Amino acid sequence: MRMIWNEMKKILTWRMLTFLLLVNAVLYFLLISFDIEYFPNGRPALDGYRLGIEMIEEYGVQMDEEEMLDFRRQFESRKEEANEYLQAHPEFAEAGIDDYEELVTSVWDNEERQNLHSQIMHEQQIDLFWELQERSRLIDFHDTKEMIGFEPNTLQQTRFDELLNEGKYQAYPEVVIQNFKEFIVNVGITILFSVVLLISPFILKDRTRRLLDLQYTSKIGRSLYKTKLIAGILSAGLVITVLLAFYFSLYAQNGTSPYFGLGVNAFIANLTWYDPTFLQYIWLCILAIYVIGLIFTMLAMSVSSVVPNFVTLIGIQIPLIFVMLLMGFNILLSHIISVQSPQWLVPGLYGLLGIVSVGLLIYLMRRENFRDISE
Amino acid sequence: MYECRKVIQSPIFLGLFLLFSVYNIYLIVSSSDHKEELKIVNELIDTYGRDISDTSLAQLDQDIQKEMTQLKRSAGLEFQSVHELLENMSLEEQEAYSQEQWNQIQQLAVKEMYFNTARSIDESYAEIDIQATGEGEVRMYGLSGSAAFYLLQEYEKLDKRFEELVKNGEQKQWFFAGKAYFMHSFLFQTVFRHIIIESLLLIVLATALITAYEFEQKTQLLIFSTKRGRKLMKDKFSASIAIALFTMIFLLGITLGTFFIVFDYSHVWSTSISSAFNWEYNFPYIAWWDISVGTFLWLAAGIVLAGGLLISCLTFALATVVKNSYIAFAGISLFFVAVLLLPSFMSKSSILFFITGYNLSQLLLGISNSFMGGGLTGSRNYEWLTVSCWTLIAAGICFVAYRRFTKTDIG
């Protein structure tokens, strides 16, 4: 136990921690800050966000037909308000706009009407009209709820029908889940870089300093390699935990907790193989980040055990990270349970990566027992 | 020269180089669906000349009409334009045509598209209001004070340049239709950014390897006590520069070679880069000078080389100080991203907002917009000022690092 702690102290040096802090500061501003500072990002995202909360408060996490009727009734009454607003302002009547319907349908062929439209939407930013626009979008979406929105294969179609039969159709604005998906991928990337930078050098460093000659001839001997691996995994776990805690405390500013109870399939355009609630989905993504982080920790340690120098250490990991950035995060994190990829693919990939990285480490551990360290 | 061998003989360097080259080739080949359609521009230039004039347009119109009457007769249909024909055509009707006929219709449709764009150049250029765009930018970024003043001034200059451009007729030259194919963005943004990032990774790795080699191999006590002694760092510097240069030349050569084999640019080399067809988003590309596509390519390659060499110098300086290639690599990467973000931390009312944009990261990643007006880094002097400032900075840092190294403790 004491040896593990000592090895961990060698990994988590002050110098390394300061460096990680810098890396995270830069990556935070490059990737993450946008999803937190600009949420909801302008309009109609803001109205989608507000309306979603209102819907959850009034109708709960699932909308049946009766509640949908009520939603329509509300739309009509809000429309009345809009009509009153338009009639109270004579410039609209002059431009030939008598009610809300005309405002949204007949506006594009006439410059004067266009100006009036942009005045209430963009310059004055009247909430009522933005809300109406969002409501009408949701209603349109509900009217076409039997259509899947993309070319499905049979399995996707089956899943879609299954959800529809359970009455779980997509009804709630998707701003929150979209924002979360972007946020979590960026957090994933940041944590991946942090972990790889932290873990990569330490086994190699002992070797190039010829420390092994001393260590392996001591009483503890070669089993120290195992201790180092455990220390590496623990340190990575610790760093992942701290970073996740930090980034999620920032995420709390987004105020998405009203949505936590909503099933992820209730969001528009978010068809998934399983139907966890939003909160469960968040936990699942956190788990996924731990797994990705630890897989790359193990890979980094494996590479670190075999390469001759730092440049090779970095060079080998560049393609791995590239693949992860180009496709990996998209499949493994942002579409973790989405119907975009076949149901078996994501668990299969996690399994494969896990087996490869653990297998490599076991092989290296065995090899370490017999290896000639004088080379 | 022995220093260079340290890199050339390391399998990881060659491996990465090959991997990057293969990836670039794949990237280009996999997005070349429209390469046949592009050839129509070559045909247009051959038949009607590079410059679009009223007479050549009339000629083109006549030819299109002629082909269209032929088509009408053979298809027995009545239509105003090929576009209209295609729009109303059902899938079954489509299958009724032979492959040859179908190709002909497609070609005619593309020609018609070029003709329509060419005809409306004057009209669409008259609608461009550079000053208003500038004011829009100021609003979009929320600028005020001296920053807003500076940007508006830049747009005023650009406005003059725009008038001159229109007077010269630089916009009236054939080029691949930007809104349909986005060739400028594909070449100078997608492909060039790949080249830049890949070659920077290779350069930084190679430089760090060479510079910190003796310390990592524990040979520093031996090497630096020889007759040549610490002057060896000078050789290491030259070796790094040479490797950086060769890496970039080869990577540029392989990637761009593939690009121009796949896409036939042979006829458009001397078309102006500010051609009205090179209009991809809501603003055409307006270069500060009358430069052709070919010249622009050379200039862009020049920027890549300059940027790569400067990054190599900076890596050399850092690696001399920290004596460790891992820290040097991580430090330079961090630096590259940090200066990229630097302007966003500056006050939006101060001129610093622009001055901090004069850095290598912005220059290299924004390469498709270099020498162009508009935007935050659209100043006329941006490119050469950035390169020369950073040459001074890099030279200074290298000099200090070397001087320090000659006296430092290497034990």
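Of the 168 residues in the largest nonpolar core, A:Leu192, A:Val195, B:Leu205, B:Ala206, B:Ala208 and B:Phe329 touch the most other members. A nonpolar core is a set of buried Ala, Val, Leu, Ile, Met, Phe, Trp, Tyr and Cys residues joined through C-beta atoms within 7 Å. A residue is buried if 20 or more other C-beta atoms lie within 10 Å of its own, exposed if 12 or fewer, and partly exposed in between, with C-beta atoms placed from the backbone. Helix 10 of chain A supplies the largest share of this core, 20 residues. A second, separate core has 10 residues, among them A:Phe92, A:Ala95, A:Leu103 and A:Leu116.

The model is predicted: local features need pLDDT of at least 70, side-chain atom pairs count only at pLDDT 80 or more, and totals for chains, interfaces and linings use all residues. Residues are numbered from 1 along each chain as its sequence is written, and chains are lettered from A and ligands numbered from 1 in the order in which they are written.

Beyond four places in sequence, A:Val195 touches A:Ala236, A:Val239, A:Ile240, A:Gly293, A:Phe296 and A:Thr297. Contact here requires C-beta atoms, placed from the backbone, to lie within 7 Å. Both A:Val239 and A:Ile240 are among the buried residues of helix 12 of chain A. That list also includes A:Tyr225, A:Lys228, A:Gly232 and A:Tyr251. Helix 12 covers residues 224–251, 28 residues in number. At 1.5 Å a residue it should span 40 Å, and its end C-alpha atoms are 40 Å apart, which agrees. The expected span is 1.5 Å times one less than the number of residues. The cover over its buried residues includes helix 1 (2–11), helix 2, helix 10, helix 13 (278–306) and helix 15 (345–370) of chain A. Helices (H or I, at least four residues) and strands (E, at least two) are DSSP runs, numbered from the N terminus.

Between the chains, 18 residues of chain A are in contact with 18 residues of chain B. On the chain A side, helix 2 (14–37), helix 10 (175–208) and helix 14 (310–334) each give two or more residues. Helix 14 gives the most, with eight. This side holds 14 nonpolar, four polar and no charged residues. Ala, Val, Leu, Ile, Met, Phe, Trp, Tyr, Cys and Pro count as nonpolar, Asp, Glu, Lys and Arg as charged, and the others, Gly among them, as polar.

Chain A is divided into domain 1 (2–40 + 172–370) and domain 2 (63–150). Their C-alpha centres are separated by 46 Å. Domain bounds come from an automatic or database domain assignment. Chain B is divided into domain 1 (2–33 + 176–407) and domain 2 (35–146). The C-alpha centres of these chain B domains lie 37 Å apart.

Chain B has 19 helices and zero strands. Its C-alpha atoms fill a box of roughly 90 × 55 × 35 Å along the principal axes. Of its 411 residues, 36% are buried. Among chain B contacts with a separation of 6 or more, 79% join residues 24 or more positions apart.

B:Thr386 lies in helix 19 (residues 382–407) of chain B. B:Thr386 is buried because 24 other C-beta atoms lie within 10 Å. Outside four places in sequence, its contacts are B:Tyr358, B:Asn359 and B:Leu363.

How values were computed:
Two residues are in contact if their C-beta atoms, placed from the backbone, lie within 7 Å.
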